[in-house]
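Please study each task before turning to its solution.

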Amino acid sequence: MRNVFYRILILVIIIEILFAIFWPPGLWTLVLIVPIFLIGLRDVANKRQTIRKNFPVLGNIRYLLESIRPEIMQYFVETDTEGRPINRIFRSLIYQRAKKQTDTTPFGTQSDVYKSGYEWLAHSVYAIQDRKMDHDPKVRIGSKDCKQPYDCSLYNISAMSYGSLSKNAVMALNGGAKIGGFFHNTGEGAISPFHIEHGGDLVWQIGTGYFGCRNKEGEFDIEKFTENAVRPTVKMIEIKISQGAKPGHGGILPAVKNTEEIAAIRGVEPHTTVFSPPGHSAFSNADELIQFIKKLREASGGKPVGFKLCIGRRGEFKDFCRAMIKHDTTPDFITVDGGEGGTGAAPVEFSNSLGMPLRDGLAFVHDTLIGYGLRKEIKLIASGKIMTGFHMIRAMALGADVCTSARAMMLALGCIQALQCNSNTCPVGVATQNKMLMNGLNVEDKKQRVANFQKGTIHSFVELLAAAGIPDSSQVERRYINRRVDMTRICTYEELYPSIQEGSLID
Ligand SMILES: Cc1cc2nc3c(=O)[nH]c(=O)nc-3n(C[C@H](O)[C@H](O)[C@H](O)COP(=O)(O)O)c2cc1C
Ligand code: SF4
(Lines give C-alpha, C1' and ligand atoms only; values in the text may rest on other atoms or scores of the structure.)
(Ligands and ions follow the chains in the order given, each with its own letter.)
Protein backbone atom coordinates (compact mmCIF):
# COMPACT_ATOMS: atom_id res chain seq x y z
CA MET A 1 0.00 0.00 0.00
CA ARG A 2 2.89 2.30 0.80
CA ASN A 3 4.28 1.63 -2.74
CA VAL A 4 0.88 2.48 -4.22
CA PHE A 5 0.98 5.74 -2.25
CA TYR A 6 4.42 6.62 -3.67
CA ARG A 7 3.28 5.76 -7.22
CA ILE A 8 0.19 7.96 -6.89
CA LEU A 9 2.42 10.71 -5.50
CA ILE A 10 4.71 10.56 -8.58
CA LEU A 11 1.69 10.44 -10.92
CA VAL A 12 0.11 13.50 -9.30
CA ILE A 13 3.39 15.46 -9.47
CA ILE A 14 3.60 14.72 -13.24
CA ILE A 15 -0.06 15.78 -13.72
CA GLU A 16 0.54 19.01 -11.77
CA ILE A 17 3.62 19.84 -13.91
CA LEU A 18 1.51 19.31 -17.05
CA PHE A 19 -1.22 21.54 -15.61
CA ALA A 20 1.37 24.21 -14.87
CA ILE A 21 2.63 24.08 -18.47
CA PHE A 22 -0.62 23.75 -20.48
CA TRP A 23 -3.50 24.97 -18.18
CA PRO A 24 -2.33 27.08 -15.19
CA PRO A 25 -5.83 27.39 -13.48
CA GLY A 26 -5.65 23.61 -12.91
CA LEU A 27 -3.08 24.34 -10.21
CA TRP A 28 -5.99 25.13 -7.87
CA THR A 29 -6.32 21.35 -7.36
CA LEU A 30 -3.21 21.72 -5.16
CA VAL A 31 -5.44 23.23 -2.44
CA LEU A 32 -6.99 19.78 -1.99
CA ILE A 33 -4.09 17.58 -2.98
CA VAL A 34 -1.31 19.15 -0.90
CA PRO A 35 -2.99 18.60 2.53
CA ILE A 36 -3.83 15.00 1.56
CA PHE A 37 -0.21 14.37 0.61
CA LEU A 38 1.06 15.97 3.80
CA ILE A 39 -1.22 13.64 5.78
CA GLY A 40 0.07 10.73 3.73
CA LEU A 41 3.71 11.69 4.34
CA ARG A 42 3.04 12.04 8.08
CA ASP A 43 1.39 8.59 8.09
CA VAL A 44 4.31 6.97 6.26
CA ALA A 45 6.81 8.59 8.64
CA ASN A 46 4.93 7.60 11.82
CA LYS A 47 6.38 4.76 13.88
CA ARG A 48 3.49 4.01 16.27
CA GLN A 49 0.38 3.20 14.24
CA THR A 50 0.84 0.33 11.80
CA ILE A 51 -2.49 0.88 10.02
CA ARG A 52 -1.54 4.47 9.19
CA LYS A 53 1.94 3.44 8.08
CA ASN A 54 0.72 0.57 5.88
CA PHE A 55 -2.33 2.39 4.49
CA PRO A 56 -1.37 6.11 4.35
CA VAL A 57 -4.37 8.50 4.22
CA LEU A 58 -6.95 5.65 4.02
CA GLY A 59 -5.87 4.29 7.43
CA ASN A 60 -7.15 7.50 9.05
CA ILE A 61 -10.74 6.53 8.26
CA ARG A 62 -10.47 3.74 10.82
CA TYR A 63 -9.48 6.19 13.59
CA LEU A 64 -12.19 8.64 12.55
CA LEU A 65 -14.90 5.94 12.71
CA GLU A 66 -13.55 4.70 16.05
CA SER A 67 -13.76 8.20 17.52
CA ILE A 68 -17.43 8.65 16.57
CA ARG A 69 -18.45 5.06 17.41
CA PRO A 70 -20.26 5.98 20.70
CA GLU A 71 -22.33 8.61 18.88
CA ILE A 72 -23.16 6.24 15.98
CA MET A 73 -24.15 3.50 18.44
CA GLN A 74 -26.26 5.91 20.49
CA TYR A 75 -28.04 7.68 17.64
CA PHE A 76 -28.40 4.94 15.02
CA VAL A 77 -27.77 1.45 16.42
CA GLU A 78 -28.85 0.98 20.06
CA THR A 79 -32.44 0.03 20.85
CA ASP A 80 -34.46 1.69 23.61
CA THR A 81 -33.66 -1.06 26.10
CA GLU A 82 -30.02 -1.72 25.20
CA GLY A 83 -27.82 1.35 25.77
CA ARG A 84 -25.08 1.04 28.41
CA PRO A 85 -24.47 2.01 31.15
CA ILE A 86 -27.90 3.69 31.11
CA ASN A 87 -30.38 2.67 28.45
CA ARG A 88 -32.37 5.05 26.29
CA ILE A 89 -35.68 4.45 28.11
CA PHE A 90 -34.22 5.70 31.40
CA ARG A 91 -32.24 8.50 29.77
CA SER A 92 -35.38 9.77 28.02
CA LEU A 93 -37.42 9.50 31.22
CA ILE A 94 -34.84 11.56 33.13
CA TYR A 95 -34.72 14.22 30.39
CA GLN A 96 -38.54 14.38 30.30
CA ARG A 97 -38.84 14.73 34.08
CA ALA A 98 -36.04 17.31 34.16
CA LYS A 99 -37.75 19.39 31.46
CA LYS A 100 -41.23 18.79 32.93
CA GLN A 101 -42.39 17.22 29.68
CA THR A 102 -44.91 14.38 29.37
CA ASP A 103 -43.38 11.32 30.99
CA THR A 104 -46.11 8.81 30.13
CA THR A 105 -45.56 6.01 27.59
CA PRO A 106 -47.89 4.96 24.74
CA PHE A 107 -48.93 1.46 23.64
CA GLY A 108 -47.54 -0.64 26.50
CA THR A 109 -44.24 -1.85 27.94
CA GLN A 110 -41.17 -2.47 25.79
CA SER A 111 -39.81 -4.91 28.38
CA ASP A 112 -40.01 -8.64 27.73
CA VAL A 113 -42.06 -9.64 30.77
CA TYR A 114 -41.28 -13.38 30.27
CA LYS A 115 -37.52 -12.91 30.31
CA SER A 116 -35.59 -14.06 33.40
CA GLY A 117 -34.77 -11.11 35.60
CA TYR A 118 -37.95 -9.14 34.80
CA GLU A 119 -39.15 -7.54 38.05
CA TRP A 120 -42.38 -5.90 39.17
CA LEU A 121 -44.16 -4.52 42.23
CA ALA A 122 -47.29 -6.28 43.54
CA HIS A 123 -50.10 -3.73 43.46
CA SER A 124 -53.11 -3.90 45.76
CA VAL A 125 -56.88 -3.95 45.43
CA TYR A 126 -56.76 -1.43 48.26
CA ALA A 127 -54.79 1.29 46.50
CA ILE A 128 -54.55 4.47 48.58
CA GLN A 129 -55.99 7.75 47.37
CA ASP A 130 -53.38 10.22 46.21
CA ARG A 131 -54.49 12.97 48.61
CA LYS A 132 -53.89 10.70 51.60
CA MET A 133 -50.21 10.20 50.71
CA ASP A 134 -47.31 12.39 51.91
CA HIS A 135 -45.85 13.89 48.72
CA ASP A 136 -42.64 15.17 50.34
CA PRO A 137 -41.66 12.26 52.59
CA LYS A 138 -38.60 12.65 54.84
CA VAL A 139 -36.55 10.29 56.99
CA ARG A 140 -34.81 11.45 60.19
CA ILE A 141 -31.12 10.52 60.32
CA GLY A 142 -29.47 10.57 63.75
CA SER A 143 -28.56 7.85 66.26
CA LYS A 144 -28.77 8.21 70.05
CA ASP A 145 -25.37 10.01 70.09
CA CYS A 146 -26.33 12.57 67.46
CA LYS A 147 -27.24 16.10 68.57
CA GLN A 148 -28.25 17.59 65.21
CA PRO A 149 -30.38 14.99 63.42
CA TYR A 150 -31.18 15.68 59.76
CA ASP A 151 -34.58 15.26 58.10
CA CYS A 152 -33.55 13.80 54.80
CA SER A 153 -35.41 13.59 51.49
CA LEU A 154 -35.81 10.09 50.05
CA TYR A 155 -33.93 10.96 46.82
CA ASN A 156 -30.70 12.97 46.78
CA ILE A 157 -27.52 13.73 44.85
CA SER A 158 -24.78 11.13 45.31
CA ALA A 159 -21.09 12.03 45.80
CA MET A 160 -19.34 13.76 42.87
CA SER A 161 -16.43 16.13 43.47
CA TYR A 162 -15.70 19.58 42.12
CA GLY A 163 -12.82 18.62 39.86
CA SER A 164 -14.52 15.60 38.49
CA LEU A 165 -17.46 17.94 37.66
CA SER A 166 -17.26 21.52 36.42
CA LYS A 167 -18.05 24.46 38.71
CA ASN A 168 -21.23 25.19 36.75
CA ALA A 169 -22.37 21.59 37.19
CA VAL A 170 -21.65 21.73 40.95
CA MET A 171 -23.56 25.01 41.27
CA ALA A 172 -26.53 23.69 39.29
CA LEU A 173 -26.67 20.54 41.43
CA ASN A 174 -26.49 22.53 44.64
CA GLY A 175 -29.06 25.05 43.38
CA GLY A 176 -31.38 22.13 42.52
CA ALA A 177 -30.91 20.70 46.01
CA LYS A 178 -31.83 24.08 47.50
CA ILE A 179 -35.01 24.39 45.40
CA GLY A 180 -36.14 20.82 46.11
CA GLY A 181 -35.02 20.47 49.75
CA PHE A 182 -32.77 17.45 49.25
CA PHE A 183 -29.07 16.91 49.92
CA HIS A 184 -26.03 17.28 47.69
CA ASN A 185 -23.02 15.10 48.53
CA THR A 186 -19.75 17.01 47.91
CA GLY A 187 -17.73 13.96 46.83
CA GLU A 188 -14.23 13.50 48.19
CA GLY A 189 -12.73 16.63 46.56
CA ALA A 190 -13.46 19.04 49.48
CA ILE A 191 -16.07 21.78 49.86
CA SER A 192 -15.55 24.38 47.13
CA PRO A 193 -17.09 27.88 46.97
CA PHE A 194 -19.45 26.47 44.31
CA HIS A 195 -20.94 24.06 46.86
CA ILE A 196 -21.81 26.98 49.12
CA GLU A 197 -23.07 29.73 46.80
CA HIS A 198 -26.61 28.40 46.34
CA GLY A 199 -27.14 27.23 49.93
CA GLY A 200 -28.36 23.67 49.26
CA ASP A 201 -27.91 21.10 52.06
CA LEU A 202 -24.51 19.41 51.92
CA VAL A 203 -23.23 16.02 52.94
CA TRP A 204 -19.49 16.55 53.25
CA GLN A 205 -17.57 13.51 52.08
CA ILE A 206 -14.12 12.70 53.44
CA GLY A 207 -12.06 10.32 51.35
CA THR A 208 -8.61 8.84 51.86
CA GLY A 209 -6.98 12.06 50.55
CA TYR A 210 -8.70 14.05 53.39
CA PHE A 211 -9.21 16.99 50.99
CA GLY A 212 -10.42 19.97 53.04
CA CYS A 213 -9.16 18.44 56.32
CA ARG A 214 -5.56 17.39 55.61
CA ASN A 215 -2.16 18.50 56.85
CA LYS A 216 0.94 18.95 54.67
CA GLU A 217 1.69 15.22 54.83
CA GLY A 218 -1.81 14.42 53.55
CA GLU A 219 -3.03 13.08 56.91
CA PHE A 220 -6.27 13.88 58.72
CA ASP A 221 -6.26 17.24 60.55
CA ILE A 222 -9.00 17.63 63.18
CA GLU A 223 -8.81 21.43 63.33
CA LYS A 224 -9.33 21.87 59.61
CA PHE A 225 -12.09 19.28 59.82
CA THR A 226 -13.91 21.27 62.53
CA GLU A 227 -13.68 24.52 60.53
CA ASN A 228 -15.61 22.93 57.67
CA ALA A 229 -17.86 20.56 59.61
CA VAL A 230 -19.52 23.32 61.63
CA ARG A 231 -20.60 25.25 58.52
CA PRO A 232 -24.41 25.57 58.68
CA THR A 233 -24.99 24.07 55.22
CA VAL A 234 -23.06 20.90 56.15
CA LYS A 235 -25.84 18.67 57.47
CA MET A 236 -24.02 15.32 57.62
CA ILE A 237 -20.49 13.94 57.24
CA GLU A 238 -19.69 10.81 55.22
CA ILE A 239 -16.40 8.90 55.49
CA LYS A 240 -15.76 7.28 52.14
CA ILE A 241 -14.37 3.79 52.65
CA SER A 242 -15.03 2.61 49.12
CA GLN A 243 -17.14 3.24 46.03
CA GLY A 244 -18.72 0.58 43.82
CA ALA A 245 -17.01 1.55 40.57
CA LYS A 246 -13.49 1.15 42.02
CA PRO A 247 -13.49 -0.35 45.51
CA GLY A 248 -10.01 -0.52 47.03
CA HIS A 249 -8.75 2.14 44.61
CA GLY A 250 -8.38 5.76 45.66
CA GLY A 251 -9.92 8.64 43.73
CA ILE A 252 -8.22 9.78 40.50
CA LEU A 253 -8.08 13.43 39.43
CA PRO A 254 -6.52 13.46 35.93
CA ALA A 255 -3.79 16.13 35.43
CA VAL A 256 -5.84 17.88 32.69
CA LYS A 257 -8.60 18.53 35.20
CA ASN A 258 -6.34 19.53 38.10
CA THR A 259 -6.40 23.31 37.61
CA GLU A 260 -4.69 25.81 39.96
CA GLU A 261 -8.02 26.57 41.59
CA ILE A 262 -8.90 22.93 42.23
CA ALA A 263 -5.39 22.22 43.51
CA ALA A 264 -5.72 25.13 45.98
CA ILE A 265 -9.10 23.86 47.24
CA ARG A 266 -7.71 20.35 47.71
CA GLY A 267 -4.25 21.35 48.95
CA VAL A 268 -2.32 19.49 46.18
CA GLU A 269 0.09 20.28 43.29
CA PRO A 270 -1.71 21.72 40.22
CA HIS A 271 -1.51 20.03 36.77
CA THR A 272 -0.52 16.64 38.21
CA THR A 273 -2.66 13.50 38.32
CA VAL A 274 -3.77 13.16 41.93
CA PHE A 275 -4.27 9.62 43.21
CA SER A 276 -5.85 9.34 46.65
CA PRO A 277 -4.44 6.40 48.64
CA PRO A 278 -6.50 3.19 48.46
CA GLY A 279 -7.01 3.10 52.25
CA HIS A 280 -7.41 5.46 55.21
CA SER A 281 -4.50 6.50 57.42
CA ALA A 282 -6.82 7.73 60.22
CA PHE A 283 -7.92 4.18 61.13
CA SER A 284 -6.70 0.69 60.38
CA ASN A 285 -9.27 -1.63 62.00
CA ALA A 286 -12.94 -1.77 62.97
CA ASP A 287 -12.41 -0.43 66.52
CA GLU A 288 -10.49 2.56 65.21
CA LEU A 289 -13.14 3.29 62.57
CA ILE A 290 -15.88 3.40 65.19
CA GLN A 291 -13.76 5.65 67.43
CA PHE A 292 -13.01 7.89 64.42
CA ILE A 293 -16.75 8.25 63.79
CA LYS A 294 -17.24 9.23 67.44
CA LYS A 295 -14.45 11.79 67.17
CA LEU A 296 -15.90 13.38 64.01
CA ARG A 297 -19.38 13.54 65.54
CA GLU A 298 -18.04 15.37 68.59
CA ALA A 299 -15.87 17.74 66.52
CA SER A 300 -18.81 18.63 64.26
CA GLY A 301 -21.07 19.55 67.18
CA GLY A 302 -23.04 16.30 67.05
CA LYS A 303 -23.93 16.17 63.34
CA PRO A 304 -24.78 12.78 61.81
CA VAL A 305 -21.64 10.90 60.74
CA GLY A 306 -21.66 7.79 58.59
CA PHE A 307 -19.60 5.87 56.09
CA LYS A 308 -19.95 4.81 52.47
CA LEU A 309 -18.81 1.44 51.20
CA CYS A 310 -19.31 -1.16 48.56
CA ILE A 311 -19.37 -4.61 50.13
CA GLY A 312 -16.28 -6.75 49.56
CA ARG A 313 -15.44 -9.26 52.28
CA ARG A 314 -18.56 -9.89 54.33
CA GLY A 315 -16.57 -10.71 57.49
CA GLU A 316 -15.09 -7.21 57.61
CA PHE A 317 -18.55 -5.67 57.80
CA LYS A 318 -19.45 -8.06 60.63
CA ASP A 319 -16.30 -6.84 62.43
CA PHE A 320 -17.65 -3.28 62.16
CA CYS A 321 -20.93 -4.43 63.77
CA ARG A 322 -19.13 -6.15 66.65
CA ALA A 323 -17.02 -3.00 67.20
CA MET A 324 -20.23 -0.89 67.33
CA ILE A 325 -21.59 -3.15 70.07
CA LYS A 326 -18.27 -3.12 71.96
CA HIS A 327 -18.01 0.70 71.94
CA ASP A 328 -21.76 1.23 72.39
CA THR A 329 -21.90 3.66 69.48
CA THR A 330 -22.92 3.40 65.83
CA PRO A 331 -22.60 5.51 62.71
CA ASP A 332 -25.77 7.52 62.11
CA PHE A 333 -26.00 6.19 58.57
CA ILE A 334 -24.29 3.79 56.19
CA THR A 335 -24.28 4.36 52.43
CA VAL A 336 -24.19 1.14 50.43
CA ASP A 337 -22.90 1.60 46.88
CA GLY A 338 -23.26 -1.10 44.24
CA GLY A 339 -20.57 -2.49 41.94
CA GLU A 340 -22.67 -1.10 39.07
CA GLY A 341 -21.98 2.44 40.31
CA GLY A 342 -20.46 5.20 38.20
CA THR A 343 -17.21 7.16 38.42
CA GLY A 344 -15.33 9.98 36.74
CA ALA A 345 -12.29 7.75 36.10
CA ALA A 346 -11.44 4.15 37.11
CA PRO A 347 -9.31 1.25 35.89
CA VAL A 348 -11.50 -1.06 33.75
CA GLU A 349 -10.84 -4.17 35.86
CA PHE A 350 -11.94 -2.33 39.01
CA SER A 351 -15.19 -1.18 37.37
CA ASN A 352 -15.97 -4.52 35.79
CA SER A 353 -14.77 -7.11 38.25
CA LEU A 354 -14.78 -5.78 41.82
CA GLY A 355 -17.53 -4.89 44.27
CA MET A 356 -20.81 -6.52 45.24
CA PRO A 357 -23.80 -5.29 43.20
CA LEU A 358 -26.19 -3.01 45.07
CA ARG A 359 -29.12 -5.37 45.65
CA ASP A 360 -26.94 -8.10 47.16
CA GLY A 361 -24.84 -5.66 49.19
CA LEU A 362 -27.85 -3.77 50.51
CA ALA A 363 -29.73 -6.92 51.59
CA PHE A 364 -26.55 -8.18 53.28
CA VAL A 365 -25.92 -4.92 55.20
CA HIS A 366 -29.58 -4.59 56.28
CA ASP A 367 -29.77 -8.23 57.43
CA THR A 368 -26.43 -8.11 59.24
CA LEU A 369 -27.44 -4.96 61.15
CA ILE A 370 -30.73 -6.64 62.12
CA GLY A 371 -28.82 -9.75 63.15
CA TYR A 372 -26.64 -7.68 65.47
CA GLY A 373 -29.61 -5.66 66.81
CA LEU A 374 -28.17 -2.39 65.39
CA ARG A 375 -30.58 -1.57 62.59
CA LYS A 376 -32.85 0.81 64.53
CA GLU A 377 -29.99 3.25 65.23
CA ILE A 378 -28.61 3.36 61.69
CA LYS A 379 -30.25 4.62 58.51
CA LEU A 380 -29.27 3.05 55.20
CA ILE A 381 -28.63 5.11 52.08
CA ALA A 382 -28.45 3.23 48.75
CA SER A 383 -26.81 4.16 45.44
CA GLY A 384 -26.30 2.28 42.17
CA LYS A 385 -28.48 2.99 39.13
CA ILE A 386 -31.47 4.23 41.14
CA MET A 387 -33.20 6.38 38.56
CA THR A 388 -36.97 5.80 38.84
CA GLY A 389 -39.72 5.44 41.44
CA PHE A 390 -39.63 1.65 40.98
CA HIS A 391 -35.86 1.53 41.53
CA MET A 392 -36.44 3.39 44.82
CA ILE A 393 -39.13 0.96 46.01
CA ARG A 394 -36.95 -2.00 45.07
CA ALA A 395 -34.03 -0.60 47.09
CA MET A 396 -36.34 0.07 50.03
CA ALA A 397 -37.65 -3.50 49.93
CA LEU A 398 -34.07 -4.62 50.49
CA GLY A 399 -33.50 -2.25 53.39
CA ALA A 400 -32.76 1.27 52.10
CA ASP A 401 -34.27 4.21 53.98
CA VAL A 402 -32.98 6.80 51.52
CA CYS A 403 -31.71 6.67 47.91
CA THR A 404 -29.20 8.77 46.00
CA SER A 405 -28.05 8.99 42.42
CA ALA A 406 -25.03 10.42 40.63
CA ARG A 407 -25.52 9.66 36.95
CA ALA A 408 -29.28 10.32 36.86
CA MET A 409 -28.53 13.79 38.27
CA MET A 410 -25.83 14.26 35.60
CA LEU A 411 -28.37 13.36 32.91
CA ALA A 412 -30.79 15.90 34.43
CA LEU A 413 -27.95 18.44 34.03
CA GLY A 414 -27.78 17.64 30.33
CA CYS A 415 -25.22 14.78 30.17
CA ILE A 416 -25.65 12.94 26.87
CA GLN A 417 -23.66 9.85 27.92
CA ALA A 418 -20.79 10.71 25.58
CA LEU A 419 -18.50 8.78 28.00
CA GLN A 420 -15.63 11.30 28.04
CA CYS A 421 -15.79 12.20 31.75
CA ASN A 422 -12.11 11.28 32.22
CA SER A 423 -10.74 13.31 29.29
CA ASN A 424 -11.79 16.93 30.00
CA THR A 425 -13.73 17.10 26.71
CA CYS A 426 -17.27 16.62 28.04
CA PRO A 427 -19.31 18.23 25.25
CA VAL A 428 -22.05 19.50 27.57
CA GLY A 429 -19.82 21.10 30.21
CA VAL A 430 -20.74 18.70 33.03
CA ALA A 431 -17.51 16.76 33.59
CA THR A 432 -14.82 19.14 32.35
CA GLN A 433 -12.63 22.02 33.52
CA ASN A 434 -12.50 23.50 29.99
CA LYS A 435 -13.92 27.03 30.43
CA MET A 436 -15.42 27.22 26.96
CA LEU A 437 -17.31 23.92 27.39
CA MET A 438 -18.48 24.59 30.94
CA ASN A 439 -19.76 28.08 30.09
CA GLY A 440 -22.35 26.42 27.88
CA LEU A 441 -24.00 24.94 30.99
CA ASN A 442 -26.53 27.50 32.18
CA VAL A 443 -26.72 27.20 35.97
CA GLU A 444 -30.11 28.91 36.37
CA ASP A 445 -31.77 26.64 33.81
CA LYS A 446 -30.10 23.42 34.90
CA LYS A 447 -30.63 23.82 38.64
CA GLN A 448 -34.37 23.95 37.96
CA ARG A 449 -34.06 20.79 35.84
CA VAL A 450 -32.29 18.95 38.67
CA ALA A 451 -35.07 19.99 41.06
CA ASN A 452 -37.78 18.97 38.54
CA PHE A 453 -36.22 15.56 38.01
CA GLN A 454 -35.92 14.85 41.74
CA LYS A 455 -39.52 15.96 42.34
CA GLY A 456 -40.85 13.92 39.41
CA THR A 457 -39.06 10.82 40.67
CA ILE A 458 -40.40 11.23 44.22
CA HIS A 459 -43.86 11.78 42.75
CA SER A 460 -43.65 8.53 40.78
CA PHE A 461 -42.35 6.72 43.89
CA VAL A 462 -45.27 7.95 46.00
CA GLU A 463 -47.76 7.00 43.26
CA LEU A 464 -46.33 3.47 43.19
CA LEU A 465 -46.57 3.20 46.99
CA ALA A 466 -50.21 4.25 46.77
CA ALA A 467 -50.96 1.73 43.99
CA ALA A 468 -49.46 -1.01 46.17
CA GLY A 469 -51.52 0.08 49.20
CA ILE A 470 -48.37 0.96 51.17
CA PRO A 471 -48.94 4.09 53.29
CA ASP A 472 -45.26 5.03 53.71
CA SER A 473 -41.80 4.02 52.63
CA SER A 474 -40.87 2.34 55.94
CA GLN A 475 -43.50 -0.31 55.21
CA VAL A 476 -42.14 -1.57 51.89
CA GLU A 477 -41.49 -5.32 52.31
CA ARG A 478 -39.53 -7.85 50.29
CA ARG A 479 -42.63 -9.89 49.55
CA TYR A 480 -44.02 -7.04 47.42
CA ILE A 481 -41.29 -7.31 44.77
CA ASN A 482 -41.42 -10.17 42.27
CA ARG A 483 -38.73 -11.46 39.96
CA ARG A 484 -39.09 -13.93 37.10
CA VAL A 485 -36.30 -16.46 37.57
CA ASP A 486 -37.18 -18.56 34.51
CA MET A 487 -40.03 -18.98 32.02
CA THR A 488 -42.40 -20.60 34.54
CA ARG A 489 -41.07 -19.58 37.96
CA ILE A 490 -41.53 -16.33 39.85
CA CYS A 491 -39.91 -15.60 43.24
CA THR A 492 -40.52 -12.73 45.62
CA TYR A 493 -37.56 -10.87 47.06
CA GLU A 494 -38.46 -12.50 50.40
CA GLU A 495 -37.70 -15.90 48.84
CA LEU A 496 -34.55 -14.68 47.13
CA TYR A 497 -33.22 -12.67 50.10
CA PRO A 498 -34.83 -14.30 53.17
CA SER A 499 -35.20 -11.94 56.16
CA ILE A 500 -33.44 -12.82 59.41
CA GLN A 501 -34.43 -12.60 63.08
CA GLU A 502 -33.57 -9.49 65.11
CA GLY A 503 -30.47 -10.17 67.25
CA SER A 504 -29.87 -13.62 65.76
CA LEU A 505 -26.18 -12.94 64.99
CA ILE A 506 -25.20 -11.58 68.40
CA ASP A 507 -23.85 -14.86 69.76
C1 LIG B 1 -18.49 11.71 37.75
C2 LIG B 1 -18.61 10.91 39.02
C3 LIG B 1 -17.84 11.26 40.12
C4 LIG B 1 -17.95 10.53 41.30
N5 LIG B 1 -17.21 10.92 42.40
C6 LIG B 1 -17.37 10.24 43.57
C7 LIG B 1 -16.72 10.68 44.75
O8 LIG B 1 -16.01 11.68 44.79
N9 LIG B 1 -16.92 9.94 45.88
C10 LIG B 1 -17.73 8.83 45.92
O11 LIG B 1 -17.90 8.23 46.97
N12 LIG B 1 -18.38 8.43 44.82
C13 LIG B 1 -18.23 9.10 43.65
N14 LIG B 1 -18.93 8.70 42.55
C15 LIG B 1 -19.86 7.55 42.68
C16 LIG B 1 -21.29 8.01 42.95
O17 LIG B 1 -21.36 8.82 44.09
C18 LIG B 1 -22.26 6.83 43.14
O19 LIG B 1 -21.90 6.12 44.28
C20 LIG B 1 -22.29 5.88 41.97
O21 LIG B 1 -22.13 6.52 40.75
C22 LIG B 1 -23.61 5.11 41.92
O23 LIG B 1 -24.67 5.92 41.61
P24 LIG B 1 -25.31 6.06 40.14
O25 LIG B 1 -25.46 4.67 39.62
O26 LIG B 1 -26.60 6.75 40.39
O27 LIG B 1 -24.37 6.85 39.32
C28 LIG B 1 -18.84 9.41 41.36
C29 LIG B 1 -19.60 9.07 40.25
C30 LIG B 1 -19.51 9.81 39.09
C31 LIG B 1 -20.37 9.41 37.92
S1 SF4 C 1 -21.76 14.02 28.44
FE2 SF4 C 1 -20.12 14.68 29.81
S3 SF4 C 1 -20.77 13.99 31.81
FE4 SF4 C 1 -21.98 12.88 30.32
S5 SF4 C 1 -20.88 10.97 30.00
FE6 SF4 C 1 -20.21 12.44 28.45
S7 SF4 C 1 -18.39 13.34 29.31
FE8 SF4 C 1 -19.45 12.37 31.00
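**Exercise 1.** Is Y210 buried or exposed?

*Solution.* The model is predicted, so its local features need pLDDT of at least 70 and its side-chain atom pairs count only at pLDDT 80 or more, whereas totals for chains, interfaces and linings use all residues. Residues are numbered from 1 along each chain as its sequence is written, chains are lettered from A and ligands numbered from 1 in the order in which they are written, and side-chain values use heavy atoms, with hydrogens and water left out.

Step 1. Buried means under 20% relative accessible area, exposed over 50% and partly exposed in between, with a 1.4 Å probe and protein chains only.
Step 2. Y210 has a relative accessible area of 0% and is therefore buried.
Step 3. The position of Y210 is the loop between β6 (201–206) and α9. Its phi is near 50 degrees, a positive value in a residue other than glycine.
Step 4. A positive phi is also found at H271, where the value is near 60 degrees. H271 belongs to the loop between α10 (260–266) and β9 (274–275).

**Exercise 2.** Describe the chain as a whole: how many helices and strands does it have?

*Solution.* Step 1. Helices (H or I, at least four residues) and strands (E, at least two) are DSSP runs, numbered from the N terminus. On this basis the chain has 19 helices and 15 strands.
Step 1. Along the principal axes, the C-alpha atoms fill a box of roughly 95 × 60 × 45 Å.
Step 2. Of the 507 residues in the chain, 49% are buried.
Step 3. Contact means heavy atoms within 4.5 Å. Among contacts between residues at least 6 apart in sequence, 69% join residues at least 24 apart.

**Exercise 3.** Which residues have the most contacts inside the largest nonpolar core?

*Solution.* Step 1. A nonpolar core is a set of buried Ala, Val, Leu, Ile, Met, Phe, Trp, Tyr and Cys residues joined through side-chain atoms within 4.5 Å. In soluble globular proteins, nonpolar side chains tend to be buried together.
Step 1. The largest such core here has 116 residues, and F225, F307, F317 and I334 have the most contacts inside it. Helix α18 (residues 443–467) gives the most to this core, with 8 residues.
Step 2. Residues up to four places away in sequence are not counted for F307, whose contacts include I239, L289, F317, F320 and I334.
Step 3. F320 lies in helix α12 and counts as buried at 13% relative accessibility. With the sequence neighbours up to four places away again left out, F320 touches I241, A286, L289, I290, F307 and L309.

**Exercise 4.** Which residues does R97 contact, leaving aside its neighbours within four places in sequence?

*Solution.* Step 1. R97 is part of helix α6 (residues 88–99).
Step 1. Its relative accessibility is 11%, so R97 counts as buried.
Step 2. Its contacts beyond those neighbours are D103, N452, F453, G456, T457 and S460.
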